Amino acid sequence: MGPPGKRDEGWFTSLYAAEYAHIVRYGLRRLADFDASAELAQEVFVVAWRRRGEVPDRSLPWLYGVARRLLANQWRSRRAAPDLLPIAHVDLTRVTDPSGADRTLGVADVRAALATLNDLDQEILQLVGWEELTVAEAAQVLGCTRATAAVRLHRARRRLAAAMSDRPARSPRPMLAASREDL
């Protein structure tokens, strides 16, 4: 991105063009609608412009950190949990259960298990899983060391696996029972 002295409108325009969609998707995964996530992205880039001297060359983790803090401020002010993103279709995933048998889990099951975790566990799993950040980049977003983030990720994955194993298995398709007389 260049030294802070060269952080003019051209720099900002290229940053915005390169990262805006990532920030909107970050917001969509945490908020209920597109408008709210677009508004969040706008706020993130207002902060980026005001603090352009602090934006690192690898800007995406820094921008995610700004978005995370903005969301935390909003949620604290409302004192309410964020709305979940509605799921239009069920994406099924096969997992192995402790007994060795395969189970089929839907996105709704994974989201429900994720919702049982504390906010920090959810955030580290989302940063690494959804945002595809490295552990070091997630640490930057969370404001901790890489080692701390790695430990948090390990523990969060373990807690998520435990929460998912507590959920009953889903059938990939509902089965309708009908007798010959019903046909």
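In which helix is the place of Ser 14? Ser 14 sits in helix 1, which covers residues 9-28, in a chain whose secondary structure comes to 7 helices and 2 strands, where helices (H or I, at least four residues) and strands (E, at least two) are DSSP runs numbered from the N terminus. The structure is a predicted model, in which local features need pLDDT of at least 70 and side-chain atom pairs count only at pLDDT 80 or more, while totals for chains, interfaces and linings use all residues. Residues are numbered from 1 along each chain as its sequence is written, and side-chain values use heavy atoms, with hydrogens and water left out.

**Overall architecture**

- Read along the sequence, the elements follow the pattern α-α-α-β-β-α-α-α-α.
- Of the 183 residues of the chain, 34% count as buried, a class defined by under 20% relative accessible area, with exposed meaning over 50% and partly exposed lying in between (1.4 Å probe, protein chains only).
- The accessible surface of the chain comes to about 11,200 Å², of which 54% belongs to carbon and sulfur atoms; such areas come from the Shrake-Rupley method with a 1.4 Å probe, and for residues only the protein chains shown count as cover.
- Among contacts (heavy atoms within 4.5 Å) with a separation of 6 or more, 61% join residues 24 or more positions apart.

**Helix 1**

- The end C-alpha atoms of helix 1 are 27 Å apart, which agrees with the 28 Å that its 20 residues should span at 1.5 Å a residue, the expected span being 1.5 Å times one less than the number of residues.
- Helix 1 bends by about 45° at Glu 19, the bend being the angle between axes fitted to the seven residues ending there and the seven starting there.
- The buried residues of helix 1 include Trp 11, Phe 12, Glu 19 and Ile 23, whereas Ser 14 is partly exposed, with a relative accessible area of 39%.
- The side chain of Ser 14 reaches the backbone oxygen of Trp 11 at 2.8 Å, and at the start of the helix a side-chain oxygen of Asp 8 comes to within 3.2 Å of the backbone nitrogen of Gly 10.

**Helix 2**

- Val 44, Phe 45 and Ala 48 are among the buried residues of helix 2, and at its start a side-chain oxygen of Asp 33 reaches to within 3.2 Å of the backbone nitrogen of Asp 35.

- Leaving aside neighbours within four places in sequence, the contacts of Leu 125 include Leu 114, Trp 130, Leu 153 and Leu 160.
- Gln 122 is placed in helix 5 and counts as buried at 17% relative accessibility, and its side chain reaches the backbone oxygen of Leu 114 at 3.3 Å.

**A positive phi in a loop**

- Glu 132 lies in the loop between helix 5 (119-129) and helix 6 (135-142), and counts as exposed at 66% relative accessibility.
- Although not a glycine, Glu 132 has a positive phi of about 60°.
- Most residues other than glycine have a negative phi.

Terms used: A polar contact is a pair of N or O atoms within 3.5 Å; within protein, one must be able to donate a hydrogen and the other to accept it, and residues adjacent in sequence count only if both atoms are side-chain atoms.
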